[in-house]
Amino acid sequence: MCHPAAFTMEECEAVRKRLDAPVFKNLFLTNRQQTEYYLLMIPADKPFKTKYLSSQLGCARLSFASPEAMMEMLHIAPGAVSPMGLIHDTSSRVRLIIDSDLATIDTYACHPCVNTASIALSLSDLLEKIIPATGHTYTWVTLPVEG
């Protein structure tokens, strides 16, 4: 589905309604040394606390990666972050992390590397077909709702 550029979760709400599929929050993160990169998928309405993710991954505290790193590795600009960008990460520098709250979702919507379009697909197709085709794996984490 093509639509006006959607940069925020609020703007993605219209997409969710039209596709009748939830939209996840996708965060591109890095460690302090900028040697490890992560793409985190969490529910759109769930607050993100870096300390909980860092402890589960066994790494130093994470922060948002730069737009330049995002463009270099995923060929995506801020506002269009999506697991679809992993197809461009041919050296597998980005690790996909998925919050366990998403495990029961059947179909969801995401950007196909641009924020002026969205696609609906099954989470099982993403995890069993698309992600393996990119040469990546994924890790489930359980992030608390409150901090």
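Q: Where is His75 placed?
A: This is a predicted model. In it, His75 lies in the loop between H3 and E4.

Q: How should I read phi there?
A: Start with the general idea. Most residues other than glycine have a negative phi. Now the case here. His75 is not a glycine, yet its phi is positive, near 60°.

Q: Which other residue has a positive phi although it is not a glycine?
A: Ser92, with a phi of about 50°. Ser92 is also found in the loop between H3 and E4.

Q: Why does His75 count as partly exposed?
A: Buried means under 20% relative accessible area, and exposed means over 50%. His75 has 43% relative accessibility, so it counts as partly exposed. Ser92 counts as partly exposed because its relative accessibility is 37%.

Q: Now packing. How many residues does the largest nonpolar core have?
A: A nonpolar core joins buried residues through side-chain atoms within 4.5 Å. Here the largest has 27 residues. Phe28, Met41, Val94, Tyr108 and Leu126 have the most contacts inside it.

Q: Which helices and strands each supply at least two residues of this core?
A: Two helices do: H3 (67-74) and H4 (123-134). The strands are E1 (24-30), E2 (37-43), E4 (94-99) and E5 (107-110).

Q: What does Val94 touch, not counting residues up to four places away in sequence?
A: From strand E1, Phe28. Then Tyr37, Tyr38 and Leu39. Met73, Leu74, Leu86, Asp89 and His136 complete the list.

Q: Which residues does the second core include?
A: This separate core has twelve residues. Among them are Leu29, Ile42, Leu53 and Leu143.

Technical notes
Residues are numbered from 1 along each chain as its sequence is written. This is a predicted model: local features need pLDDT of at least 70, side-chain atom pairs count only at pLDDT 80 or more; totals for chains, interfaces and linings use all residues. Side-chain values use heavy atoms; hydrogens and water are left out. Buried means under 20% relative accessible area, exposed over 50%, partly exposed in between (1.4 Å probe, protein chains only). Helices (H or I, at least four residues) and strands (E, at least two) are DSSP runs, numbered from the N terminus. Contact means heavy atoms within 4.5 Å.
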